[in-house]
Every structure is written in C-alpha cells, then in structure tokens.
Amino acid sequence: MKVLVSNDDGLDAQGIQTLAATLSSEYHTRVVAPDRNRSGASNSLTLTRPLQPVQVREGQYRVDGTPTDCVNLGMSGVIEDSEFDVVVSGINHGPNLGDDVIYSGTVAAALEARHLGRPALAVSLVGNTHFDTAAKVVLLLLKRLITDSHSLALPPKIILSINVPDLPYESLSGIKITRLGHRHSAQPAVSAQHPRGIESYWIGALSEPYDAAPGTDFDAVKNGYVSITPIHADMTCHSVLSTLDDWAGSISI
C-alpha cells in the first residue's frame, strides 16, 4: 500500500516525522509537507504564484505553500509514486476538537485528499509529548482498514478526524466514535508590542468548550479515549431547507 503523509506544522515537525517513520516500517510512504508552520491555513490554495516542491531527503518533499497545496501536488504526479492508496495528515501538534476543524490545516489536507478521490485520515495529538502513541494508533487503524473482512465503506467526501490523548499507548482507554463538540467564541485579539510602533495584534487564544457532553470528541479525549469523528465536505444545512423554501416563497421579486 502506498501512503501519502502531509501536515500543517511543517516538514520538520516532530509529529509528521514520527508518523512517517512508523508508517515507513510497514508501507511505501512519501511525505509532502509545508516548508514552515501553516497552522490555521484551513482549505486555502495558492493561486497567485507557482509552487516549488523541493526534495529534502529520500521520499520527503517540502512545498512553499499550504497543506492543501501539498496534497494537491502530491496526488498530481508532481513527485514519484503519486498513485497513493490513502492519505494521512498529521500528527498535529495539539488538538483539532469541535470547532477547531473549521480552521485546521491538518483536517483541510485530509479533505483535499478525499476531494481527489482517496480515503484520508486527519490525526491530532492532544498535547506535544506522546507522538509515538498517535503513530501506533494510525498504524493500527490502517492495518484494520486493510485486513478487516467487514471493510469500512465511507460515503464520498467523508474523512476521519482522529484525536489521540497525550498518554502512553498502554494508558489509552480505547476508541470511541464521536461527534464534534463546540467551543465558546474565541478570546479577543491581544495587542502586541512592535519595535517600530506599528499597531499589531495576536489572534486570541481558543476558548474552552461549552458542548463537551458524552458522545463528543471533547468528552472522549478527556476520558482517555481515542476520538474518531467522521467529517464531510457538504456544508449544506439540510435541516432548514424546507423552512427557507417556505420563507423564500413568500418573497415577491
């Protein structure tokens, strides 16, 4: 099996290098990742200039673009062995829980892969220590996807967003299938001192969750479980279509 690995923390991040080393022990693995940290890049594509992928070491390429750019190039025949069977994005340094997925470059890279017709996993470690734990979880899931007689058939455009507690592998409680929880609104922007007096700000930090009920990704991780949440690209709010249809019918143009 051929695996394409990408991320949003950059090619030299500990998470992606741990993941690549683990997967390479079992599968034909190629890494295409941003040349620097692109956290929060979401699904952005670079359309105003050409991109320049550079081979840094055997089987590993850096790209002067976004996570979505990296997966797009990796699956476009730009690098060797571009007929990949699955794409794994991560291991992200920190969680992608609840509303985080809106901004996440890690999740966006997986969504780009699914858009291009390949199954994809987005993997995040809820911390910055036990990357080996998250890598073992990914390897376990990939092996199960390959060998399970009851193969997992996901609908088109669905990815799996996986959040792994920052614990030793032996301390994990198990796996739970979850829905996204929700956070409170982000904290306000913070003023930053600029040496030349230019008005500058840091984007505010993430807020704590307000929906972390049982069944959510927040609750699973809090209790030591690996959270697996199916995410799809269809942003249509189907539940209000009929209500809006009635409302629009009352408007004369």
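User: Where is V240 placed, in terms of helices and strands?
Analyst: This is a predicted model, in which local features need pLDDT of at least 70, side-chain atom pairs count only at pLDDT 80 or more, and totals for chains, interfaces and linings use all residues. Residues are numbered from 1 along each chain as its sequence is written, and side-chain values use heavy atoms, without hydrogens and water. Helices (DSSP H or I, at least four residues) and strands (E, at least two) are numbered from the N terminus. V240 lies in the loop between β13 (225-232) and α6 (241-249).

User: Is V240 buried or partly exposed?
Analyst: Buried means under 20% relative accessible area, exposed over 50%, and partly exposed in between (1.4 Å probe, protein chains only). The relative accessibility of V240 is 33%, so V240 counts as partly exposed.

User: Is S42 buried or exposed?
Analyst: S42 sits in the loop between β2 (28-34) and β3 (54-57). Although not a glycine, S42 has a positive phi of about 55°. Its relative accessibility is 19%, so S42 counts as buried.

User: What is the omega of the cis peptide bond that joins G90 and I91?
Analyst: I91 belongs to strand β5 (residues 86-93). The cis bond between G90 and I91 has an omega of about -5°.

User: How many disulfides does a search of the whole structure find?
Analyst: A disulfide is a pair of cysteine sulfur atoms within 2.5 Å. C70 is buried because its relative accessibility is 0%, while C237 is partly exposed because its relative accessible area is 43%. The number of disulfides found in the whole structure is 0.
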